[in-house]
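Work through the exercises below with the structure in view. Try each task before reading its solution.

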Amino acid sequence: MITRRDFVVSGVAFSAAAMLPAGAWAQNAFAPQPGAWRNFQVVTRLEVAKPDGKTDGAVRAWVPLPAFSEDQWFRPGGSTWSTNAATAEVVGDPRFGAQMLALEWSAREPAPSVEITSKIATRDRAVDLSKPGTAAPLGDKERVMFLAATDLIPTDGIVKQTSDKITSGAKDEITKVRAIYEWIVENTYRNAATRGCGVGDIAALLKSGDLGGKCADLNALFVGLVRSAGIPARDVYGLRVAPSKFGYKSLGANSEVVTKAQHCRSEVFLSGYGWVPMDPADVRKVVLEEPPGKLGIDDPKVVAARKTLFGAWEGNWMAYNAAHDVALPGSKGPKVGFLMYPQAETVAGRLDCLDPDTFRYSIRATEFSV
Amino acid sequence: MLCASALLASGGAAAQGEAGLRLEPPHGVLSADAGPSALRAAPPLALEMLAPVGAPVQQVDRAMFAGRVVLVHFFATWCEPCREELPALNRLAARFADLPLTLLAVDVGEVDARVRRFIETTPVAFPILMDRERLAARAWDVSVLPASILVGPDGRVRAEAQGPVDWNRAETDQTIAALFASADVTRQAQETINHPSGGPTQ
């Protein structure tokens, strides 16, 4: 047995929960549908503090840009910036196409800073999996890319064994993916103590038998299990930019300040349907954080989220990229498992992107009309 | 990488059998019975040592300590049991200061800046090696933090624990002392354990 939690017979638990009465829960039905586009301006301001007493050495930074492009639901509108850096250029990750603004300040610059303004347009997504789809197949290159293992998402060993066990008996893609989705919802939990969005080391997660984490852990586990089943999947790393119009406090940015609103979602490529949005990690977020908190798995809010997030996303979120194992150009430091936070290096080495005392950044998101 | 605090909170005994760990809640013993992996050759360990800002970076290789008993301790600053163990490891290092024991702490998957800030408030008496890309943790098959692996003078794994260890227990000292290659050194270690000059170990 791989973990101490019981495997769920796919579909059964979900079906039983879905039949529960909605009760007195009064909010809009959680039913995102493609409709009007929403436009957002996102301003990222970064200040790199030099180590105490150290004024020597160049400073570098790499800031992710929202360059993900999917014509049906996400359109990047470009980025502009102002900075006192000696050089600033947009560079791309050669494998996944993630874009970042790479900056370098001279040693003489006492207060390195940059402010980046990005514009994006996005909208709700929903894929109707009850009817046959007509989407074009995934290209060979992308299929290989999104079936492949990454440093932190292996597709062999315990990940493959777990995936095989979960999908045992499932005949088709949708049934397999549904089984994995339900397994994630039933067997993982959101751990509030996890730093940032988590590390995403899914083999360690499974080996430990303790399946707690945040989105970069839980959705990475989902992606790894799906890839291990031979179905292309990917994490998309991004940022919540607006409250949920469906009343989920836990699933939206509830302030213009979104500095800590990073969130990754996941997609699975299903034959005939194309990339299908999913987010089992957000189901666990609803369980833990949706007021009054620590909801039961059969709470109507959880039931609705669980049903909806298999095939739909709300367009209150911005996508940076779907990249893994990203080398930062010009850095002698390690690759980052994913590029969702600004990164910087000084004479002290790579800074802690989750430490606001040494590496100050703020992100503000505002919606605007065109 | 998971931290053992959650395992303990949810029942370390359950994790013991299913995940192949030898963890005895609330604090395990560094057992000389290291299970099926006992006596395997210890993997290589060559990492940069954490250094002050601007100081030259030193590469540390476990092979530098051939003939000594080496305790390799994997940790991370975000891991609560790891933070609790470091002061006890300081005391262990002090008890064995005159004996051929080398303690190497390996920080897993964190940036230097964070570890430097951490040791400002939790100083340690042994080198901290930086496993920035988790390659060493993988090579040593570490999946839960903290994890401690005791390597004998012959370079073979003699004991290990994935999860917290009570470093103040006499049994732990005995396990380490038994590994010294020289009978004289082992005897010296036993005398040190039985008649500590540095006061109580708690």
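**Exercise 1. Describe the make-up of chain B.**

Solution. Start with the secondary structure: chain B has seven helices and nine strands. The model is a predicted one. Next, take burial: 50% of the 202 residues of chain B count as buried. Last, look at the contacts in chain B with a separation of 6 or more: 70% of them are between residues 24 or more positions apart.

**Exercise 2. Find which residues have the most contacts inside the largest nonpolar core, and list the neighbours of B:Trp140.**

Solution. The largest nonpolar core contains 54 residues. Those with the most contacts inside it are B:Leu45, B:Phe74, B:Trp140 and B:Phe180. Leave out residues up to four places away in sequence, and B:Trp140 touches B:Arg40, B:Ala42, B:Pro43, B:Pro44, B:Leu45, B:Arg62, B:Val72, B:Phe74, B:Ile149 and B:Val151. Another core lies apart from this one; its 49 residues include A:Val48, A:Leu65, A:Phe68 and A:Ala344.

**Exercise 3. State which residues of helix α4 of chain B are buried, and what covers them.**

Solution. Helix α4(B) spans residues 112-121, and its buried residues are B:Asp112, B:Ala113, B:Val115, B:Arg116 and B:Phe118. The cover includes β4 (69-75), α3 (80-95), β5 (101-108) and β6 (128-131) of chain B. Chain A also takes part, through β16 (349-350).

**Exercise 4. Decide how helices α7 and α8 of chain A are oriented to each other, and sort the residues of their contact.**

Solution. Two packed helices are described by the angle and the distance between their axes. The axes of α7 (residues 280-289) and α8 (residues 300-308) of chain A come within 9 Å and cross at roughly 170°. Angles over 145 degrees count as roughly antiparallel, so α7(A) is roughly antiparallel to α8(A). From α7(A), the contact uses A:Val283, A:Val286 and A:Val287; from α8(A), A:Lys301, A:Val302, A:Ala305 and A:Arg306. Sorted by type, five of these residues are nonpolar, none is polar and two are charged.

Notes: Residues numbered from 1 in each chain as written. Chains lettered and ligands numbered in written order. Predicted model: local features only at pLDDT ≥ 70, side-chain atom pairs only at ≥ 80, totals over all residues. Heavy atoms only, no water. Axes fitted to C-alpha atoms, helices over the stretch in contact; angles between N-to-C directions. Helix = DSSP H or I, 4+ residues; strand = E, 2+ residues; numbered from the N terminus. Parallel < 35°, antiparallel > 145°, perpendicular 65-115°, else oblique. Contact = heavy atoms within 4.5 Å. Nonpolar A, V, L, I, M, F, W, Y, C, P; charged D, E, K, R; others polar. Core = buried A, V, L, I, M, F, W, Y, C linked by side-chain atoms within 4.5 Å. Buried < 20%, exposed > 50% of the residue type's maximum accessible area, 1.4 Å probe, protein only.
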